[in-house]
Amino acid sequence: MAEIQINVLGTSFALKAPEELSYLEKIHDYFKNVCDEIQKNDGIQDQKKTAVLAGILIADQLFKEKQKAIEAKDAAKKASERSDPLADLEGDRLAKSMIEKIEKALK
């Protein structure tokens, strides 16, 4: 359990979470950087609008990453379904044959 002092967009408060302090600092810094970029690039100075837009942008990033993970999982599943069962059987047969030859050589 760690506690961090949050200072973003003119708001300050303490946050306790069941995480390491270094992790909380990274999250704080990331959110603060997103807010700074919004204000710098979009010229938005209203703190409430900046915070809401930062939340939306971070949610967008999260959903895109989740979608990539789902697509990667689906692609891996499809690739495993496309594996050739006959090739698997041939691999098993060759492995058994090699084991038998090794056992005979060791006798």
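Predicted model: local features only at pLDDT ≥ 70, side-chain atom pairs only at ≥ 80, totals over all residues.
Biologist: Let's start with the outline. Which elements does the chain have, and in what order do they run?

Modeller: There are 3 helices and 2 strands. Starting at the N terminus, the order is β-β-α-α-α.

Biologist: What is the radius of gyration of the chain, and what would a compact globule have?

Modeller: The chain has 27 Å, whereas a compact globule of 107 residues would have a value near 13 Å. The spans of the C-alpha trace along its principal axes are about 80 × 30 × 20 Å.

Biologist: How much of the chain is buried?

Modeller: Buried residues are 13% of the 107 residues. To be counted there, a residue needs a relative accessible area under 20%.

Biologist: Then why is T50 called buried?

Modeller: Let's set the value against the cut-off. Buried means under 20%, and T50 has 0% relative accessibility, so T50 counts as buried. You will find T50 in helix 2.

Biologist: Which residues is T50 in contact with, leaving aside its neighbours within four places in sequence?

Modeller: T50 touches L9, C35, I38, Q39 and I44. In this model, a contact calls for heavy atoms within 4.5 Å.

Biologist: Why are D60 and K64 separated by about one helical turn?

Modeller: Both belong to helix 2, residues 47-81, and they are 4 residues apart there, which means about one helical turn between them.

Biologist: How many salt bridges does a search of the whole structure find?

Modeller: The search finds 2. E65 and K68 are 3 residues apart in helix 2, so about one helical turn separates them.

Biologist: Why are D60 and E65 called partly exposed?

Modeller: Partly exposed lies between the buried limit of 20% and the exposed limit of 50%. D60 has 35% relative accessibility, so D60 is partly exposed. E65 has 47%, so E65 is partly exposed as well.

Biologist: And how many charged side chains are there in the chain?

Modeller: There are 18 positive and 20 negative ones, with the centres of the two sets 4 Å apart.

Key. Residues numbered from 1 in each chain as written. Heavy atoms only, no water. Salt bridge = Lys/Arg side-chain N within 4 Å of Asp/Glu carboxyl O. Buried < 20%, exposed > 50% of the residue type's maximum accessible area, 1.4 Å probe, protein only. Rg over C-alpha atoms; globule rule 2.2 N^0.38 Å. Lys, Arg positive; Asp, Glu negative; His and termini not counted. Charge placed at Lys NZ, Arg CZ, Asp CG, Glu CD.
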